[in-house]
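Please keep the sequence and the structure in view.

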Amino acid sequence: MPNYATTRDRVETYFDRTATKAWERLTSDAPVSRIRQTVREGRDKMRALMLSRLPEDLRGAQVLDAGCGTGAMTEELAKRGATVVAADISPRLVAIAQDRLPVALRPQVTFHAGDMTDAALGVFDAVLAMDSLIYYGADDIARTLHALGQRADRVVFTVAPRTPLLMAMWHAGKLFPRSDRSPVMIPHGLRDLTLAAGPGLARVGRVARGFYISDCLEYRAEAQP
Ligand SMILES: C[S@@+](CC[C@H](N)C(=O)[O-])C[C@H]1O[C@@H](n2cnc3c(N)ncnc32)[C@H](O)[C@@H]1O
């Protein structure tokens with residue numbers, strides 16, 4: 001199992017070089033294949049589910065969009081009135097997110113190209129990490145949650161669930177490792193993550209739409225003994 005730094009480097013190379021264009025397109029309104037359209041729809045549902053954990057009116061709230069990608073969540077948070085720090089390890093995706101953000105919302109958002117766990121990013125009422133921890137092992141997710149949990153009341157994040165299909169794909173990937181060093185999604189259950197992270201984790205719900213299947217979880221550091 002690669003460690004945090006190795007995974008993060010792979011993620012950065014993937015999103016900042018290999019897959020920037022594909023990701024830019026998937027997260028736009030441009031036409032995509034039927035399979036990708038299901039992913040787009042699933043991701044829209046997941047974004048709404050994650051946002052439903054926060055109050056509708058976010059004026060006065062500080063929120064970290066951890067692994068903001070091209071900025072769809074950042075925009076929604078800012079529309080609700082939040083002050084947002086949008087951080088991503090891929091500078092090219094951060095630049096796209098900056099470009100896409102409507103001018104009227106720009107004063108509410110600070111962009112940062114770098115690690116989501118950087119303490120210099122500040123303290124928050126909430127952290128949202130949509131599909132940005134899906135490549136990390138349970139111990140790395142636990143460390144990330146502990147780091148973010150010191151600076152936020154709640155961390156809402158997603159993981160790929162341990163469904164038979166995703167587990168089979170993951171095992172096949174281990175048998176036939178990819179040569180391009182792309183990051184590999186690692187499925188998790190609430191049980192393995194709780195073993196690694198301790199109490200404070202709860203499952204919010206699952207979104208399954210075509211080729212997109214993801215669990216939304218919430219971590220609250222105050223539940224730690
Ligand atoms: C699948 S994309 C999701 C992007 C965005 N959250 C969304 O849902 O559209 C995962 C993102 O997480 C970012 N990421 C992964 N690990 C990170 C880390 N340790 N610090 C900052 N960004 C990270 C990647 O660069 C990538 O943009």
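**Reading the model**

Q: Into which classes do the residues of the shell around the ligand divide?
A: The shell around the ligand consists of 10 nonpolar, 5 polar and 4 charged residues. Here Ala, Val, Leu, Ile, Met, Phe, Trp, Tyr, Cys and Pro count as nonpolar, Asp, Glu, Lys and Arg as charged, and the others, Gly among them, as polar. The model is a predicted one, in which local features need pLDDT of at least 70 and side-chain atom pairs count only at pLDDT 80 or more, while totals for chains, interfaces and linings use all residues. Residues are numbered from 1 along each chain as its sequence is written.

Q: Which residues come nearest to the ligand?
A: A residue is near a molecule if its C-beta atom, placed from the backbone, lies within 6 Å of it. Of the 19 residues around the ligand, the nearest are Gly67, Gly69, Ile89, Met116 and Ser132. Two or more residues of the shell come from each of α1 (4-18), α4 (72-79) and β2 (83-88). Helices (H or I, at least four residues) and strands (E, at least two) are DSSP runs, numbered from the N terminus.

Q: In what order do the strands of the open sheet stand?
A: Strands of a sheet pair through backbone hydrogen bonds, either parallel or antiparallel. In this model, 7 strands form an open sheet with mixed pairing, in the order β3-β2-β1-β4-β5-β7-β6; two strands pair if DSSP finds at least two bridges between them. β3 (109-113) and β6 (201-209) are the edge strands, each with a single partner, so one side of each has no neighbour in the sheet. β6 pairs with β7 (residues 212-219) in the antiparallel sense over 8 bridges, and leucine 201 stands opposite tyrosine 219 in β7.

Q: Is glycine 71 buried or exposed?
A: A residue is buried if 20 or more other C-beta atoms, placed from the backbone, lie within 10 Å of its own, exposed if 12 or fewer, and partly exposed in between. Glycine 71 counts as buried because it has 26 C-beta neighbours inside 10 Å. Glycine 71 lies in the loop between β1 (62-66) and α4.

Q: Which residues have the most contacts inside the largest nonpolar core?
A: In soluble globular proteins, nonpolar side chains tend to be buried together. A nonpolar core is a set of buried Ala, Val, Leu, Ile, Met, Phe, Trp, Tyr and Cys residues joined through C-beta atoms within 7 Å. The largest one here has 56 residues, and those with the most contacts inside it are Val63, Leu64, Val127, Leu128, Ala129 and Val155.
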